[in-house]
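Dear colleague,

I am handing over a structure that I have been going through, and I would ask you to keep it open beside this message while you read. My notes follow directly below it.

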Amino acid sequence: MDIAYFFKILPHFISALPITLIVIFFSQLFGLLLSIAVTYIQIKSIKVLTPLAHLYISFVRSTPILLQLLLIYYGLPVLLSLFGININFWSKTAFSIVTLVLHNGGFLSEVLRPAYLAVEQGQHEAADSLGFTSFQKLRRIIIPQLLPIALPGLGNGLIYLIHDTSILFVIGVVDVMGVASNLVSSSYGTDQIEVYLAVAFVYWAVTYLSDKGVKRLEKITERYHLENGLKS
Amino acid sequence: MLALKNIRKSFNGTDVLKGISLKVNEGDVVTLIGPSGTGKTTLLRCVNFLEKPDEGEVQFSNFQLNYSHAKKKEILRLRRKSAMVFQQYHLFKNKTAIENVMEAQIVVQKKTKKEAYENSLELLNKVGLVEKKDYYPSQLSGGQQQRISIARALAIKPEILLFDEPTSALDPELVGEVLNVIDQIARTGATILLVTHEMSFAQSISTKVVFMDHGEIVEEGPPSQIFNHSNRLRTKEFLKHFTNNYQKTTSL
Amino acid sequence: MFEFNIFAQDFLNISTVIPSTLALALLILLISIALGGVLAFIEQKRVFVLWKVSQLFRSFLRGTPLLVQLYLAFYCLPVVLQKAALLAYLPFNQNDFNPVYTVIVAYSVHFAVFQSEIIRGSFLSVGYGQIEAAQASGFSFFQTMRRIIIPQAIIEALPNFFNSYLSVIKSLSLAFLVGVVDILAKAKLESALNFRYLESYAAAATAYWLLCSIMTYILGIYEKLIRKRA
């Protein structure tokens, strides 16, 4: 193994990091929003939307992320063209984000839903009986109690998301893995180990940092003193 | 002041409430007694729309609501007329004792934090728990939590207080402190609708006792009538299960 | 736009690969459970040096994507085995090394971490009172393990292993990138001939969805019948 080479190529990866981070950021943001909407639909049992939501989650959890990426990349333009919308000009990054939002959103809603349901009915009733509106109840009572339960799962979701970005190079996104792929094909079959070790370290670092961040958030929400169990 | 008219409700084909009408005047302390599962709690929960009857009307002094056509705004208005104390207390777990008492004042009544704080301090003092004001529910005993939930109910100055078996979930040694508080409140002239199994307590604080069985009101009247001079067989059958301890005990 | 007959044709062709994919996934599952058991044991007993090393491994395995681990294994394993073969005077040709072995090793190690957590969780879920009762009745450590703890732990762990199995099946879709044919790989091969990508991917998706739905259904029956009794 060539240590010198390892350190030589590391900067290449770090410079490709921004794309990965942008993809992660937007995918997580919109994925979270989507999962909140989907959870809402599932809990409220709305006529057409709830079965659709179940279908969506079932599909997104039953099929591999790589397949979903390919389906979106090849299929979405076709689907939208039926409605007269042309998205062929979209960047590969955009398709990546759409895929990750849908995939991540499905996973997150299965974290949010049990967390919401874990807050006992009595908390709702107490707020209702005092005349809180749904929104007031949600914001001041339910969500603060739901967050500590959901956070570990949400944190895991973020880690899965970070790791899922490793497949984007298959459709040609030049992120960390894309750079790796290019380096490997241009080096005539040597130094692959160094390349992927470098990639591994980049991912390891990003994962480690985000894990620390989530743990910090968990500490903050701990102050709601729910230690004695939510279903006491 | 509160009138329930012809409340009907069925669950899975069984009639839980078979056309109940009940009146509670201002300052009344009305107690619902009866065997378990006969609709007492269900009736109570209709008053603040935690249960939705299939039919019926509820009337407050300046407000009326028909259950079959209730709209969101009306339900909100209805709920803001009363406050409920639950069997399982249901204090907000993410708020301290005093925050629990303050919460509805700030959110529903739009008071300032300062105003709500001072008011809540006074109420906690009344129920004897001002030194626990910064404690979270998980750090308090059942009896303490229940007393705080009573303070929380009083905080919004409701037209009627609803008590749903307030002491049924408490350890026996904690029951007395809660009953004391309710007794004090009754003496101040508050309007109360109470569901309980504590018969001696019911007898001592009620102005009217209502005996329900199988979704109907069997008998209603002053405590002396129900407990001592009832001429309804069902009432007497039910009360037989409770020991003859109808005198006001000094422990209360 | 979307040719249904090609879709159907692709689906049939893909189905031929399902049994081998399921078998490969099962092998990986079993090996990973065995490794996971070892990891769980090290975690529980905290044998100092071993523990530190396993913590490092865990951190790496959970901190890096499976695909990266796969690539690393793909390039490292032949080299390592070559060196080992030299030492043992065994013949070994790097170029003949079937990538399936790489997949088995990389995936088993990757999933071992998850399995160890499932195993630990399932042991913890067996009430401690049971262990106390058994020991009070004079059971030895092994007897307690064999007759009380393990049966209950297995019942608790099975659904999680099942979900793990589904995860393995889905993640085998990456194996194509190192040359192993699974469901997705077959789909890509199909479309390579006629360029009808959408139909073949849709066929693959249907295959996965059906597989997962059927298995989840079976799991549901298991939960109803066996877990409820326990």
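Predicted model: local features only at pLDDT ≥ 70, side-chain atom pairs only at ≥ 80, totals over all residues.

How many residues of chain A are in contact with chain C, and how many residues of chain C take part? In it, 25 residues of chain A are in contact with 25 residues of chain C. On the side of chain A that touches chain C, the elements that give two or more residues are helix 2 (49–62), helix 3 (65–81) and helix 8 (192–221) of chain A, and the largest share, 10 residues, comes from helix 8 of chain A. Sorted by class, this side of chain A has 17 nonpolar and eight polar residues, and no charged residues.

Two pairs of chains are in contact, and of these chains A and C share the most contacts. In the contact between chains B and A, 20 residues of chain B meet 20 residues of chain A. Here the elements of chain B that give two or more residues to its side are helix 2 (72–79), strand 6 (82–85) and helix 3 (97–107), and helix 3 of chain B gives the most, with three residues. The side of chain B that touches chain A has 11 nonpolar, five polar and four charged residues. Chain B and chain C, on the other hand, do not touch, and their nearest C-alpha atoms are 24 Å apart.

Turning to chain C, the domain assignment gives domain 1 (1–17 + 181–230) and domain 2 (30–167). The C-alpha centres of these two domains of chain C lie 28 Å apart, and their contact takes eight residues from domain 1 of chain C and six residues from domain 2 of chain C. On the domain 1 side of that contact in chain C there are six nonpolar and two charged residues, but no polar ones.

The crossing of helix 4 and helix 5 of chain C is right-handed. Among the residues that meet there are C:Leu66, C:Ala73 and C:Phe74 in helix 4 of chain C, and C:Pro99, C:Val105 and C:His110 in helix 5 of chain C. By class, this contact has eight nonpolar and three polar residues, with no charged residues.

Finally, in chain B there is an open sheet of four strands in the order 2-1-4-5, with antiparallel pairing. Strand 2 (14–24) and strand 5 (63–66) of chain B each have a single partner strand and stand at the edges, so one side of each has no neighbour in the sheet. Within this sheet, four bridges join strand 1 (residues 2–11) of chain B to strand 4 (residues 55–60) of chain B, and B:Ala3 stands opposite B:Gln59 in strand 4 of chain B. Helix 1 (residues 40–47) of chain B packs on the sheet, where it touches strand 1, strand 2 and strand 4 of chain B.

With best wishes

Notes
Residues numbered from 1 in each chain as written. Chains lettered and ligands numbered in written order. Contact = placed C-beta atoms within 7 Å. Nonpolar A, V, L, I, M, F, W, Y, C, P; charged D, E, K, R; others polar. Domains from an automatic or database assignment. Left-handed = near helix turned anticlockwise from the far one by under 90°. Pairing = 2+ DSSP bridges. Axes fitted to C-alpha atoms, helices over the stretch in contact; angles between N-to-C directions.
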